[in-house]
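Visitor: Please put the model up. I will ask what each label rests on.

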Amino acid sequence: MKFETRAIHVGQEPDAETGAVIPPIFATSTFAQTGPGETLGYDYTRSGNPNFTRLGRTLASLEGGSFATVFGSGMAAVTAVLSTFSSGDVVLAEENVYGCTFRIFAQVFGKFGLKVRYVDFSDIDCYRAIEDIRPALIWLESPTNPMLKILDIAAISEVAQKVSSPVIVDNTFASPFFQRPLELGATLSLSSTTKYMNGHSDCLGGVVVTNDESWNDKMIFAQKAVGLNPSPFDTWLVTRGIKTLAVRMRQHHANALEIAERLEGRERVKWVRHPFLPSHPQFELAKRQMSGGSGIVTFELDAPLEATKTFVSNLTLFALAESLGGVESLIDHPASMTHASIPRAEREKVGIFDGLVRLSVGIEDVGDLMADLDQAFSRAGLISST
Ligand SMILES: *Cc1c(COP(=O)(O)O)cnc(C)c1O
């Protein structure tokens, strides 16, 4: 079955007991046992619930993996993976990982002796670090946030295999509709299902998918031992949202690419980035590794802080909000929002200047979105009257 069909049918069979086409929400903390220690497959919701099983089956199928464990958030999934390591273990990470991933490495697991080394994995000379360090895990993210850097997952996984280092890819920005890390050689694919997977900005969730049974055992253990489980209702919402993943992703991609093309080259716009714009430094790799560029567009205004703030505040369809991947468009001003806690010098080193903005382009009519951007350009004094 093709992706679109699996998204609607795998794990989503009608309820066996009642025939309900939409399976119920199993809002229960515990399950009656048929005898002491004998269960019908579930005992306590921290270690399993039919809604988790159903969503896990759908997500494993879409990522091209055998096993999936669902968690209460993307960060709970990150916690599950990191909880498997011991003091002194080394993680070799891409330097532009998601900010909260960086923070949990430094401020939580660092206290327990986990060591993290950062490299620029878009530079093939850095692959040498894999053989030198032989890390306990290689942590990748592609595309990255907010610069949309693309990493060559297949090439990195090949080097990692030589030294038997597992590779994890944070696949949140691409979604499995556009990129499937396990098929490219990664050991684990992690997503915040809060974003594109659910797509409706109404709950949080996370998942780790793998073909490796021992990693799956570790994820199931972490779910119950650390208490990282999601709620039955939230998994039911993601199960509902994911049915439309394919149609949503196609529209996110088309809208984002059109907006990126229309912004590129405009006066007062220094540069525009989207993985499927030919000007993207890794355009060829993006096309090889992904079947679409997703819905995020990052660009830098040639404008001071005040004009940038006026621009983002005057949009009416793009809500000024953190997060991404919902059907509705959002705008983020990293310097004052998502990346505000990073000192200016550090953030400017990775290109996050005051004029940088990140769009999560939704699936509204693209003409309406463009008109909204145009009026905000005008109000911020960023268009000379023509
Ligand atoms: C949002 C996000 C996370 C964390 O997910 P939550 O569901 O917010 O905990 C991890 N990685 C990336 C790339 C994200 O965008």
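Predicted model: local features only at pLDDT ≥ 70, side-chain atom pairs only at ≥ 80, totals over all residues.

Visitor: What makes β4 and strand β5 a pair, and how many bridges join them?

Guide: Four bridges join β4 to strand β5 (residues 167-170), and the two run parallel. Strands pair if DSSP finds at least two bridges between them, so the count of four is enough. Residues are numbered from 1 along each chain as its sequence is written, and side-chain values use heavy atoms, with hydrogens and water left out.

Visitor: Which sense does the pairing of strand β2 and β4 have?

Guide: Strand β2 (residues 90-94) pairs with β4 in the parallel sense, over three bridges. L92 stands opposite I138 in β4. Helices (H or I, at least four residues) and strands (E, at least two) are DSSP runs, numbered from the N terminus.

Visitor: Why is strand β4 called largely enclosed?

Guide: Buried means under 20% relative accessible area, exposed over 50%, partly exposed in between (1.4 Å probe, protein chains only). Five of the five residues of strand β4 (residues 137-141) are buried, so the rest of the structure largely encloses it. Both faces are covered: L137, W139 and E141 are buried on one side, I138 and L140 on the other.

Visitor: What makes the unit of β4, helix α6 and β5 right-handed?

Guide: The test has the strands pointing away from the viewer; the path from the first strand over the helix to the second must run clockwise. β4, helix α6 (residues 153-162) and β5 make a right-handed β-α-β unit.

Visitor: What is the largest nonpolar core, and which residues have the most contacts inside it?

Guide: A nonpolar core is a set of buried Ala, Val, Leu, Ile, Met, Phe, Trp, Tyr and Cys residues joined through side-chain atoms within 4.5 Å. The largest has 35 residues, and I259, F299, F311 and L359 have the most contacts inside it. Among the elements supplying at least two residues each are α10 (245-263), β9 (296-301) and β12 (356-360). α14 gives the most, with six residues. A second, separate core of 27 residues includes L62, F177, F178 and V209.

Visitor: Which strands are the edges of the five-stranded sheet?

Guide: The open sheet has the order β8-β9-β12-β11-β10, with mixed pairing. β8 and β10 (319-320) each pair on one side only, and are the edge strands. β8 and β9 run antiparallel, joined by four bridges. W271 has E300 in β9 as its bridge partner.

Visitor: Why is R46 called partly exposed?

Guide: Its relative accessibility is 36%, so R46 counts as partly exposed. R46 sits in the loop between α1 (3-9) and α2 (50-63). Leaving aside neighbours within four places in sequence, R46 is in contact (heavy atoms within 4.5 Å) with Q223, K224, G227 and N229.

Visitor: How many cavities of 30 Å³ or more does the structure hold?

Guide: One. A cavity is a set of points, on a 1 Å grid over the protein atoms alone, where a 1.4 Å probe fits but cannot get out; lining residues have an atom within 4 Å of a point. Grid points are joined across faces, edges and corners, and the volume is the space filled by probe spheres set on the points. The largest cavity holds about 40 Å³. α9 (232-242) is one of the elements in its lining, with the largest share, three residues.

How values were computed. 1 Å grid on protein atoms, 1.4 Å probe; cavity = no way out; pocket = protein on both sides within 12 Å on 5 of 7 lines; lining within 4 Å.
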